[in-house]
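The tour goes selection by selection.

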Amino acid sequence: MLIAVGRLKPGPEADLFAQHNARLRPPLQVREIPEARGSAAEMRRREGAALLAALPEATLAIALDLGGHMPDSEGLAALLERWEGSGRPLAFLIGGAEGLDPAVQARAEQRLSLGPMTWPHFLVRGLLAEQLYRAQAIRAGHPYHRAWRP
């Protein structure tokens, strides 16, 4: 499951996400949270409350956060195997333009970063779907991922 702030409109970002999400087994179910208005702190608070309200209770929450753990692709494959082995459903949380509220970060059992650069929150969906597909390919021994390439 993917719970994200903002409505992804048709365009290259949506196409990128759709392309990689279609390859996932099973594909990510997406729940979009409306973007809030107000000061940056107020936006984070409102969006955070909405993200938490959309998160099923027993779910293992993984927050996409610049300060989170930055595994390589093989490391992400191993993390996914461990998370899926918990027997709990997974939910990836993507905040809005102002980032994630501290309450969301506190609820998340894992914080995952796609690298030290800041990515637009709509682009993160496609990047995450591609990395999840890559992790599935690694675990299946599929040649999509070429470990020998830098």
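A salt bridge here is a side-chain nitrogen of Lys or Arg within 4 Å of a carboxyl oxygen of Asp or Glu. The model is predicted. It holds eight salt bridges.

**Stop 1: Arg-88 and Glu-109**

Select Arg-88 and Glu-109. Their side chains form a salt bridge, with N to O at 2.5 Å. This pair ties together distant parts of the chain, 21 residues apart. Arg-88 sits in the loop between α3 (73-85) and β4 (90-94). Glu-109 sits in the loop between α4 (102-107) and β5 (110-112). Are these two side chains buried or partly exposed? Arg-88 is partly exposed, at 29% relative accessible area. Glu-109 is partly exposed too, at 39%.

**Stop 2**

Arg-107 is partly exposed, with a relative accessible area of 25%.

**Stop 3: helix α2, the charged residues**

Move to α2, residues 40-54. Pick Glu-42 and Arg-46. A salt bridge joins them, and their closest N and O atoms are 2.8 Å apart. How far apart are they along the helix? They are four residues apart, so about one helical turn separates them. In general, an α-helix has 3.6 residues a turn, so residues three or four places apart point the same way. Glu-42 is partly exposed at 23% relative accessible area. Arg-46 is partly exposed as well, at 42%. Glu-42, Arg-45 and Arg-46 are linked in a network of salt bridges.

**Stop 4: helix α2, the buried residues**

Which residues of α2 are buried? Select Met-43, Glu-47, Gly-48, Leu-51 and Ala-54. They lie on the same side of α2, because they cover an arc of only 125° around the axis. Show their neighbours next. The buried residues of α2 pack against β1 (2-5), β2, β4 and α4.

**Stop 5: Pro-26**

Finish at Pro-26, in the loop between α1 (12-21) and β2 (30-33). Display the backbone from Arg-25 to Pro-26. The peptide bond joining Arg-25 and Pro-26 is cis, with omega at about -5°.

Terms used
Residues numbered from 1 in each chain as written. Predicted model: local features only at pLDDT ≥ 70, side-chain atom pairs only at ≥ 80, totals over all residues. Heavy atoms only, no water. Helix = DSSP H or I, 4+ residues; strand = E, 2+ residues; numbered from the N terminus. Buried < 20%, exposed > 50% of the residue type's maximum accessible area, 1.4 Å probe, protein only. Arc of directions from axis to C-beta. Contact = heavy atoms within 4.5 Å.
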